[in-house]
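Please look at the structure below before reading on.

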Amino acid sequence: MKSHLIALSAMIGSAASFAVRPNFAAAITRGASSLSMSTKAAVTTICPLLPPPVEPSETAEFAMDDFGGPQRDFDRVEGVFDTVVGYSGSKSPETSNPTYQNIQDYAESIRIHFNPEKVSYEELVKMYFDLHTPGNPRWTGTQYRSAIFVHTEEQREVAERIAKSKGALGADFSPVENASDFYKAEDYHQKFLDKQMR
């Protein structure tokens with residue numbers, strides 16, 4: 001085994017200056033001080049650089065009448081790296097698996113995955129109010145109602161504070177509710193406005 005390691009060392013030299021996987025680097029002993037370009041390429045191919053660290057991620061979730069327009073708007077925000085439209089907010093334990101044709105008592109909603117180091121939850125809640133005017137649920141029904149679905153107590157504190165500052169639009173027409181089951185909408189609804197502009 002030792003002779004094999006020595007032979008390997010003589011072929012590819014020191015790996016100190018190259019990004020290699022730890023278990024591979026541990027098997028390489030000290031050798032020549034430099035590598036040829038072809039050998040460097042071989043090492044890079046065998047031991048690719050590790051992927052970059054995953055960004056910090058939080059989830060915001062809103063019901064804003066229709067979900068097509070808000071998805072396009074939130075997709076353009078720096079710090080938002082993914083959005084999905086779907087159905088959530090049911091208050092009945094007897095309903096499940098909503099579809100656009102059979103939405104039951106769910107609301108059209110959007111889930112936003114964002115990096116809190118680049119955009120804050122508070123900024124997203126303010127955008128929620130800037131991008132639409134919450135309607136009276138007696139007129140909108142459940143499908144097009146407005147709501148802020150919170151995933152943490154910290155989100156609840158922020159959402160309730162901002163909703164309160166909006167008067168009736170916040171207190172009466174934009175309830176702050178705990179996030180519950182979320183069902184992804186059909187594929188043709190995802191990025192709908194972007195598809196129409198192609």
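This is a predicted model: local features need pLDDT of at least 70, side-chain atom pairs count only at pLDDT 80 or more; totals for chains, interfaces and linings use all residues.

Residues are numbered from 1 along each chain as its sequence is written, and side-chain values use heavy atoms, with hydrogens and water left out.

S1 (residues 58-64) and S4 (residues 146-150) pair in the antiparallel sense over four bridges; two strands pair if DSSP finds at least two bridges between them. Strands are DSSP runs of E with at least two residues, and helices are runs of H or I with at least four, numbered from the N terminus. S1 is also joined to S3 (residues 107-114) by six antiparallel bridges, with Ala-60 opposite Ile-112.

These strands belong to an open, mixed sheet of six, in the order S5-S4-S1-S3-S2-S6. Its edge strands are S5 (176-178) and S6 (182-184), each pairing on one side only.

Is S1 mostly covered or mostly open? Six of its seven residues are buried, meaning under 20% relative accessible area with a 1.4 Å probe, protein chains only.

The largest nonpolar core has 28 residues. Such a core is a set of buried Ala, Val, Leu, Ile, Met, Phe, Trp, Tyr and Cys residues joined through side-chain atoms within 4.5 Å. Helix H5 (121-131) gives the most to this core, with five residues. Tyr-121 is among the residues with the most contacts inside the core, and Tyr-121 touches residues including Ala-60, Phe-62 and Ile-148, where contact means heavy atoms within 4.5 Å.

Technical notes
Buried means under 20% relative accessible area, exposed over 50%, partly exposed in between (1.4 Å probe, protein chains only). Lists of a residue's contacts leave out its neighbours within four places in sequence.
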